[in-house]
Amino acid sequence: MKLARVTGTVVSTVKYDKYRGMKLLKVRHLDLEMNETGEELIALDAANAGMGDIVLVNNDGGAAQMVMGDKTLIASVTVCGVIDSFTCQGKTTRCHG
Amino acid sequence: MLVGRVTGNVVSTNKAPSLEGAKLLIVQPVELDTLVMKDDYIICVDDVGAGEGDLVVCAYGSSARQTPTSKNVASDFSIYAILDSIDIRGARTYDKAKEKNACSWQG
Amino acid sequence: MQLARVIGSVVSTRKSQNLEGLKLLVAVPIDMDTMQEKGAPFVTVDTVGAGEGEIVMWAGGSSSRQTEQTSGKPVDSSIIGIVDFVDILGKRRYDKGAGEVR
């Protein structure tokens, strides 16, 4: 899993049936200094995250099925938690509030 | 299997039920021969009780959900072992008992 | 499957119970063109009794759990064979008994 920032939402009308009712978010990975890295990804939201939130992004298909509670779902990237804070090398970073 | 150093942890209250109770640690991968930390990190689910400064072995993908305690956790990286020593080409490159300053950042 | 040379081992006492009894080795990838080591060393699980210096075949991902020893274990990389010969385009590139042949 990696840290990421929610940078937007995605709306799609014609989609894979199982995605109906699921929220799609645009996320961008972060390094430990909170700089955005890599490309933007579209993720299924399982943590009710919102714009600007720092989130935990999972990048495994099997884990995505567990997170979304559907063993036959086809997905890869999921937002599985909103991060309150993280500590790395003795330095604590608060992510909201 | 990825080898890295535990350098921190992540706190999340609002998370998917399948991550409830999971201990999330920040692991920074190391070069196996020099133990130098790479400029990268992963957030792993701890399955063995690892702590800051430990050198650990992680498994990726579906391999991260193979033990009774990790099979119901939505993990893509899990910590499965804490290293005591590494021997490469006949030389001991890591010995946990002799290591000083595993957490240089703790002063 | 890929080739690698075993160059060492790692020891862990505190580990997942499901890893008990498995030998963890350090290997470095082998470039098939030159039969030389190329790339960063990695940790892998031994299922065949490989030893230091030997060139081995290894498998990654869920394929690494297809052996008797690693089935159902939290393993994502396994050594699944010790290489005796490597022949490429009719030329013997490696012979375990004689060392490397160019």
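Predicted model: local features only at pLDDT ≥ 70, side-chain atom pairs only at ≥ 80, totals over all residues.
1. On the side of chain C that touches chain B, β1 (2-11) and β4 (42-46) each contribute at least two residues, and the largest share, five residues, is supplied by β1(C). Sorted by class, that side of chain C consists of 11 nonpolar, 11 polar and seven charged residues.

2. As to the extent of the contact, 29 residues of chain C and 27 residues of chain B take part, and the area buried between the two chains is about 2,200 Å², with carbon and sulfur atoms giving 52% of that area. Within chain C, the residues that lose the most area to chain B are C:Arg14, C:Pro74 and C:Asp76, which together account for 24% of what that side buries.

3. A separate point concerns the largest pocket, which holds about 160 Å³ of space. Its lining draws on chain A through A:Lys2, A:His29, A:Leu30, A:Asp31, A:Leu32, A:Glu33 and A:Thr37, and on chain B through B:Gln28, B:Asp39, B:Asp40 and B:Tyr41. By class, the lining residues of the largest pocket divide into five charged, three polar and three nonpolar.

How values were computed: Residues numbered from 1 in each chain as written. Chains lettered and ligands numbered in written order. Heavy atoms only, no water. 1 Å grid on protein atoms, 1.4 Å probe; cavity = no way out; pocket = protein on both sides within 12 Å on 5 of 7 lines; lining within 4 Å. Points joined across faces, edges and corners; volume = space filled by probe spheres on them. Nonpolar A, V, L, I, M, F, W, Y, C, P; charged D, E, K, R; others polar. Contact = heavy atoms within 4.5 Å. Buried area = accessible area lost by both parts, 1.4 Å probe. Helix = DSSP H or I, 4+ residues; strand = E, 2+ residues; numbered from the N terminus.
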